[in-house]
Amino acid sequence: MRVHVESSRAIPLVGFTVAFGVGGAHDPAGKEGLARTAMRMLRRGGGGLDGKGVEQAVDRLGAEIGADASMSTVTVSGEVLARNAAALCELVGGLLARPAFEPVELSKLVRESQAELVEARDNDRGLASRALRRALFLGHPYARRVAGGTASLASLERDDVAGWHAAHLAANNAWITVYGDVDEAGGRELAARLVAGLPAGAPTPDPVVDPARRPGRELVFVDKPERTQAQLSIGTLGTRGDDDDHHALIVANTAFGGTFTARLMAEVRGKRGWSYGASSRLSLDRHREAWSMWTAPGEADAPACLALQLELLERLVADGLTDEEVAFAKSYLARSHVFEIDTAEKRAHRELDAAVLGLPAGYHASYLSRIGEVDAGRANAALRARLSPEDLVVAVVGTRARQLAPITAAIPRLARSAVVPHDLE
Amino acid sequence: MTAVPSHLEGRVAFVEAHAFGSGEPVQRYRLANGLSVLVLVDREAPVFSYQTWFAVGSRHEREGKTGLAHLFEHLMFNETERLPYGAFDRKLEEAGAESNAATWVDWTYYYENLPKDSLALATELESERMARLVLEEPQVAREKEVVMNERRMRVDDDVDGSVSELLYSTVFREHGYSWPTIGWMKDIEGFTAADCAEFYATYYAPNNATVVVVGDVDVAELLTLVAERYGALPAAALPAEDVRPEPPQTEPRHVEAHKPTETERLVVAYRGPALGDHDHAALSVVNDVLFAGRASRLFRALVQDGELAVDCRGWVSTFRDPGLYEISVTARPGVRAEALLEVLDRELSRIVEEPPTDDELERVKAKLELGALSGLQTVAGKAEQIGFWSTLTGDPSDAFRRLAAVRRLRADDLRRAARRYLTPSSRTVIFVRPSGEEPSGDDEETDA
């Protein structure tokens, strides 16, 4: 059990997160959604309480709890009035150690999750993001949806969930952070309560490998009726926390699309007014994740906006950033860093993320000095090494009849394209 | 209290201290031109939040010019007499700022969260755009384009956004709460630089603003900077508000809307109390008994046990004038909105007839205490509470008075509030159906 305590007497609240080193990427084929479903089942009965009893007990303590999954981890988290911290940790410890996994509740949760998949189709930006990941990580676990699909959820039975729980929720597979109005000793005591009933176990092996770059430019057009604008999500492979050029790529991405005045925003919104938002981001996980950029132009501007974004990316990689742009990005990252650590909760989760994502030792402690070492030469070398303007996916959510042809024409050297319905899972 | 430095006497006056929970009080100062300055020193982290709250929102617009208050949320980051386009944001980002703005029916506010050594920069930039914004055709035209795209994203291509707009325009027929804060598309298209200049001159003045500063600041230094930067700005002759009170709703209203979605939705609204109304806290707790958390009555009845809905929410609007008690429910595939309404009506009748149990009341109170404290973990969260309450009720202490009022509530108070507001005649119901199911013709409204 690895425990981190972050104390602050500022507000009489205590929070915690227990993270286990297993996530949606590790779900068996055909059982996608298993990790998330198992975690959500914890709230539906355990420690001698039924689901309603759990929720009432949490409310009575002046608390909130959450149980969820990401690609590489699953978590149980809570926040509670400080005077009730021990009671909440006792309650959550009971849920972790002795979940009921009632078959009737599992069936209800599966139906609820399936309904949520349908509701999610109303979120156009989410549809674009999923289309991008399906194509960018084709054949790799990162292409999956952590929530699973209608069919894989339907296949889940009590034995699947109970077996998953027994295999992965163990003290030696857990990282715990406790933060807020509690001292170091008190925090460790709360952490012990959280996992008191779990077996010692062992860390879950991680069989996932880095995704491979898929050559060529690919368009995935998500056809949805009655759209007045297009959601454009463009991506290629990005970074790992232990890459030598990791910090250089962070600086480069910040200069290109990481702030309101960065190149991408200045060109798309500032000069042309084509989209309310325009940004780029480097995702981070245990293995190489995506670099992506997003805009949402009106239907008439979408082809030109897409062409501009591709051109900006080509110029970025070919010509690089200026010394001034790099200096600005470094200043922004260094000075805004204080907002990454201005509350106990942020400091606690920063440490937790570093642990569960397997970031190099001292990642956060050396972050500012590593950013400070980046110059334009290093930033531009990282761009050339990591971002490929020729091997990328363009995911578009729009109305096919009006938008497909001009969108297709806006992508030079397009190697592959597909039109998919917006309800594709 | 931090005394006003002697060199500022006559320029800055201490007004009063407002209790703010169990910690340091909020100090209120005022400049001769009417600018209010609220300060809360908080040295938990070497940062501060600098917020400027203007007492202007979409309610102050008029038909044909809707969305003007929100357009300013964009224009205020643009060119000023001393700063070319882009320089405002560039200076903030270079200093490491988090910055943005928000507009709603009663207010607009701008904020930047900065490292503690940037107080001079914050006062320089905020005073500059309060008085010296450049509002000419190119600047206005560019931001109109951006706002039209924002509207497409938040409203035209978003089911919840478009239904919310429909709800407010159906309920309110006189009051300025009738139109959307982002504005009607045709109004946005029609804005001119002259419209903007007039609005700016009318409402963006020190005597219509409150500067809220929370964080690791030296109060004497802050007051000196504020006096230097804002002291010479002229006050405006603020117009008497031409508000048209919304007459009582005496008949239920019903609308059928068709949207590109796969599942039906139910939206129900009752006429609600103003934020300052005595019953606002009680009705909010009624709402929490019904909707807050997975143990709440309607979450169990509609989502968890009934398996009719994927989501349900309720909210008592926090507006200066009487607003709405809004309820929205998203159906599961194949479930009709009428089935949702049947369950909702059953539970609403129950809460009118049977008061919540002591256990329900205690659970809701504990959750509200948690929520109130959670919002105060950052300097920005504290500043937002101070600015919001000061702008809406005139007193930032109301944030905690509200919590105390909630603690005093008894079951009978909740039943009284439910009976007063959950009246069939003041109800509006919207059934949202998937596109393709509609008969010929547009969305239909009836007074049922």
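User: What does B:Lys365 count as, going by its C-beta neighbours inside 10 Å?

Analyst: This is a predicted model, in which local features need pLDDT of at least 70 and side-chain atom pairs count only at pLDDT 80 or more, while totals for chains, interfaces and linings use all residues. Residues are numbered from 1 along each chain as its sequence is written, and chains are lettered from A and ligands numbered from 1 in the order in which they are written. A residue is buried if 20 or more other C-beta atoms lie within 10 Å of its own, exposed if 12 or fewer do, and partly exposed in between, with C-beta atoms placed from the backbone. B:Lys365 has 19 C-beta neighbours inside 10 Å, so B:Lys365 counts as partly exposed.

User: Which residues does B:Lys365 touch, not counting those up to four places away in sequence?

Analyst: B:Lys365 sits in helix H12 (residues 358-374) of chain B; helices (H or I, at least four residues) and strands (E, at least two) are DSSP runs numbered from the N terminus. Two residues are in contact if their C-beta atoms, placed from the backbone, lie within 7 Å. With residues up to four places away in sequence left out, B:Lys365 touches B:Val406 and B:Arg407.

User: How far apart in space are B:Lys365 and B:Asp311, C-alpha to C-alpha?

Analyst: In sequence, B:Lys365 and B:Asp311 are 54 residues apart. In space, their C-alpha to C-alpha separation is 23 Å.

User: What is the strand order of the open sheet of five strands in chain A?

Analyst: Two strands pair if DSSP finds at least two bridges between them. Strand E1 (2-7) and strand E5 (63-69) of chain A are the edge strands, each pairing on one side only. Strand E2 (residues 13-20) and strand E6 (residues 74-81) of chain A pair in the antiparallel sense over eight bridges, with A:Glu79 in E6(A) as the bridge partner of A:Gly15. The pairing of the sheet is mixed, and its order in chain A is E1-E7-E2-E6-E5.

User: At what angle to E7(A) does helix H8 (residues 184-195) of chain A run?

Analyst: Axes are lines fitted to C-alpha atoms, for helices over the stretch in contact, and angles run from 0 to 180 degrees between N-to-C directions. Helix H3 (residues 85-97) of chain A lies across E2, E5 and E6 of chain A, at about 155° to E6(A). H8(A) lies across E1, E2 and strand E7 (174-180) of chain A, and its angle to E7(A) is about 135°.

User: How are H3(A) and H8(A) oriented to each other?

Analyst: The two axes are 6 Å apart, at an angle of about 25°. The contact joins residues including A:Cys89 and A:Leu96 in H3(A) to A:Leu190, A:Arg193, A:Leu194 and A:Val195 in H8(A). Angles under 35 degrees count as roughly parallel, over 145 as roughly antiparallel, 65 to 115 as roughly perpendicular and the rest as oblique. H3(A) and H8(A) are therefore roughly parallel.

User: How is H9(B) oriented to H15(B)?

Analyst: The axes of helix H9 (residues 280-291) and helix H15 (residues 411-421) of chain B come within 8 Å and cross at roughly 95°. That makes H9(B), relative to H15(B), roughly perpendicular.

User: Which strands stand at the edges of the open sheet of six strands in chain A?

Analyst: The order of this sheet is E10-E11-E9-E12-E8-E13 in chain A, with mixed pairing. E10(A) and E11(A) run antiparallel and are joined by six bridges, and A:Ser280 stands opposite A:Met293 in E11(A). H10(A) lies across E10 and E11 of chain A, at about 160° to E10(A). Two strands have a single partner strand each, so one side of each is left without a neighbour in the sheet: E10 and strand E13 (414-421) of chain A.

User: Which element gives the largest share of the side of chain A that touches chain B?

Analyst: 53 residues of chain A are in contact with 50 residues of chain B. Among the elements giving two or more residues to the side of chain A are helix H2 (51-60), helix H4 (103-119) and helix H12 (323-336) of chain A. The largest share is seven residues, and it comes from H4(A).

User: How far apart are the end C-alpha atoms of H12(A)?

Analyst: Among the buried residues of H12(A) are A:Val326, A:Phe328 and A:Leu333, and what covers the buried residues includes helix H9 (246-257) of chain A and helix H2 (87-94) of chain B. The expected span of a helix is 1.5 Å times one less than its number of residues. For the 14 residues of H12(A) this should be 20 Å, which agrees with the distance between the end C-alpha atoms, 20 Å.
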